[in-house]
Amino acid sequence: MPRRTIHYPAGAISREDKDQIAEKVTQLYTELGIPAFWVNVFFHEYSAGGFYCGGKAKYNSVFFHIDHAARKPHSEEERLMVIDRVDGIMRPVLGEKCMK
């Protein structure tokens with residue numbers, strides 16, 4: 001059961017963006033043979049002062065927690081392909097917002 005948890009600054013990801021991300025992540029895993037109902041995507045907003053790095057508040061960072069409870073990638077090649085595909089899903093949404 002793939003589970004993606006995305007932590008992001010409040011207001012940085014719109015409802016439409018979330019819909020698009022969830023649909024594309026689900027499509028990625030169904031193409032790998034995992035049923036759509038097993039794919040979970042969670043979105044968690046954090047407010048100003050909700051994330052610190054090196055003792056300094058940061059507000060333009062997005063974090064992903066990826067949990068593959070159903071199975072792991074079969075090979076290093078498949079793992080890298082999944083990372084590349086996820087980057088292709090997220091970068092268009094976050095890049096224009098100057099998120100890291």
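**Reading the labels in a predicted model**

Visitor: Why does Asp 87 count as partly exposed?

Guide: Asp 87 has a relative accessibility of 32% in this predicted model, and because the class in between runs from the buried limit of 20% to the exposed limit of 50%, Asp 87 counts as partly exposed.

Visitor: And what makes Arg 91 count as exposed?

Guide: Arg 91 has a relative accessibility of 54%, and since exposed means over 50%, Arg 91 counts as exposed.

Visitor: Why is the pair of Asp 87 and Arg 91 called a salt bridge?

Guide: The closest N and O atoms of Asp 87 and Arg 91 are 2.9 Å apart, and because the cut-off is 4 Å, the pair qualifies as a salt bridge. Both residues lie in helix α2, four residues apart, which is about one turn of the helix.

Visitor: How do you know that Arg 3 and Asp 67 meet in a salt bridge, and which parts does the pair tie together?

Guide: The N to O distance is 2.2 Å, within the 4 Å that the term requires, and therefore Arg 3 and Asp 67 count as a salt bridge. Arg 3 belongs to strand β1 and Asp 67 to strand β5 (residues 63-68), so the pair ties together parts that are 64 residues apart in sequence. A search of the whole structure finds five salt bridges.

Visitor: What makes the aromatic pair of Tyr 8 and Phe 43 edge-to-face?

Guide: A search of the whole structure finds four aromatic pairs. In the one formed by Tyr 8 and Phe 43 the centres are 6.5 Å apart and the planes stand at 75°; because a pair needs centres within 6.5 Å and edge-to-face needs over 60 degrees, the label edge-to-face applies. Tyr 8 lies in strand β1 (residues 2-9) and Phe 43 in strand β2 (residues 40-46), so this pair joins parts 35 residues apart in sequence.

Visitor: Is Tyr 8 buried or exposed?

Guide: Tyr 8 has a relative accessibility of 1%, and because buried means under 20%, Tyr 8 counts as buried. Phe 43, at 21%, counts as partly exposed.

Visitor: Which residues have the most contacts inside the largest nonpolar core?

Guide: They are Ile 6, Ile 13, Ile 21, Tyr 29 and Met 90, in a core of 17 residues. Strand β1, helix α1 (15-31) and helix α2 (76-95) each supply at least two residues of this core, and α2 gives the most, with six. Not counting residues up to four places away in sequence, Met 90 touches Ile 6, Ile 21, Phe 64 and Gly 95.

Definitions and conventions. Residues numbered from 1 in each chain as written. Predicted model: local features only at pLDDT ≥ 70, side-chain atom pairs only at ≥ 80, totals over all residues. Heavy atoms only, no water. Phe/Tyr/Trp six-rings, centres within 6.5 Å; stacked < 30°, edge-to-face > 60°. Buried < 20%, exposed > 50% of the residue type's maximum accessible area, 1.4 Å probe, protein only. Core = buried A, V, L, I, M, F, W, Y, C linked by side-chain atoms within 4.5 Å. Contact = heavy atoms within 4.5 Å. Salt bridge = Lys/Arg side-chain N within 4 Å of Asp/Glu carboxyl O.
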